[in-house]
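Work through the exercises below with the coordinates open. Each task is followed by its solution in steps.

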Amino acid sequence: MKIRGILAAATAGVLSLGLAACGGDPEPSTGPVSLRMTVWSSNEAHLKLFNEIADAYRAKNPRVTEVKFDPIPFESYTTTLTTQIAGGNGPDLAWLLENSAPDFVNSGALVPLDDTLGKAEGYNAADLSPSATSLWKADGKLFAYPFSTSPFGVFVNTDQLKAAGQQTPAELIAANQWTWDKAVSVAAASSAKSGKAGLVVRDFDYKNWDNLSTVWTGWGAQAWTPDGKGCGFDQQPMVDAMTFLHKSIFTDKALPGPGTTADFFAGEAAMTITQISRASLLKDAKFGWDLVPLPTGPKGEYAVIGQAGLGALKKGKNADVAADFLAFFTNPDNSAKLAAYFPPPRTSQLTAETLAKTNPLLKPEQLQQVVIDGISTGVVKPSHTGQAEIAQAVRAALDPLWKPDADIKAVLGGVCSAINPLLAK
């Protein structure tokens, strides 16, 4: 069985990979078992929690001798994962980005989870939100558990803004003025005063263009139509959004330009767009900070969600044990622990009071406004079958945009010319 898309990113010139073994459910394994799970976080707090959960599982399942969490850099995560799978040395379990969900879910590469979760003691699969699981289903079956359904928010260095004589986003929200125009104005003034970056779209770095959906959604723009067949880059909402973004970068100097990096959590920027899993980096912050929703766009208030799924690979040597560990890793008790960093898909746990217990750095009102309200209204970042191939094409076609004298409309038309054949596949 072939999967396209995850594909071109795996190795240069390779456009499809055999990820899934044909056949039915995995045969039960016997004897000692060692599990490996790929993740894109090397955060010590995250790994410590993962290992604690794994130790508890091994105590109940002594034939599982090891559960290894294998961090892979975020920027090369899907490429590395698919290369491993294609080479026959894939992991037993893997975190999966939302943009690769259609490829993995539809390829047959993953173990169906419904029976395993249904049989797990105290699991209560009915508590999983249908909106959270929809991306990870095919033909009515669940192929990955959405362990993180996390809206994007704006972390703010309030000290840097105040030193520049600027209103904080909280003050602007209170005055009903937290708009993209205001956000860019504040960021530009802060950058001019401090010599540091103004606003950073974290992990964008002029490569991961889908992170810009945290901006363009405010204009009502879409990468493609809901049915995935029509390109949205050349439509007026996207032209308007990208024109605004281009001006913010090259004229207003509110965002760092190409080749410039700035880490908000190290005090190098006034604001950054990212998710609450990064909040742990502020544990020892030497500056005052806040977390607020995304600014209001021309189309009004909005939210954008990044989702991550956890799946058991059917080609793994111990697929049945991997699925069983997945059920333990995501049961109600462990889901509550993981909620310290990854907003859970369990409706019973999506309350400000519940999330505050495991997110002591964040205030209940921050969790309500950014996370809970965001989940209820947000749209998921762009995803499409053949995403990696499409992503490469979009990135290459967008490169001419990141110049001061770019012809924005022409560049965006070129994006559609590049991806229309791929959307039609």
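The model is predicted, so local features need pLDDT of at least 70 and side-chain atom pairs count only at pLDDT 80 or more, while totals for chains, interfaces and linings use all residues. Residues are numbered from 1 along each chain as its sequence is written, and side-chain values use heavy atoms, with hydrogens and water left out.

**Exercise 1.** Classify the packing of H15 and H16.

Step 1. H15 covers residues 387-398 and H16 covers residues 408-423; helices are DSSP runs of H or I with at least four residues.
Step 2. The helices pack at an angle of about 160°, with axes 8 Å apart.
Step 3. Angles over 145 degrees count as roughly antiparallel, and H15 and H16 are therefore roughly antiparallel.
Step 4. Contact means heavy atoms within 4.5 Å; residues making it include Ala 393 and Val 394 of H15 and Val 415 and Ala 418 of H16.

**Exercise 2.** Determine whether Asp 127 is buried or exposed, and find its side-chain partner.

Step 1. Asp 127 sits in the loop between H4 (114-119) and H5 (130-133).
Step 2. Its relative accessible area is 10%, so Asp 127 is buried (buried is under 20%, exposed over 50%, partly exposed in between, with a 1.4 Å probe and protein chains only).
Step 3. The Asp 127 side chain makes a polar contact of 2.8 Å with the side chain of Thr 347 (N or O atoms within 3.5 Å, one able to donate a hydrogen and the other to accept it).

Notes
Axes are lines fitted to C-alpha atoms, for helices over the stretch in contact, and angles run from 0 to 180 degrees between N-to-C directions. Helices (H or I, at least four residues) and strands (E, at least two) are DSSP runs, numbered from the N terminus. Angles under 35 degrees count as roughly parallel, over 145 as roughly antiparallel, 65 to 115 as roughly perpendicular and the rest as oblique.
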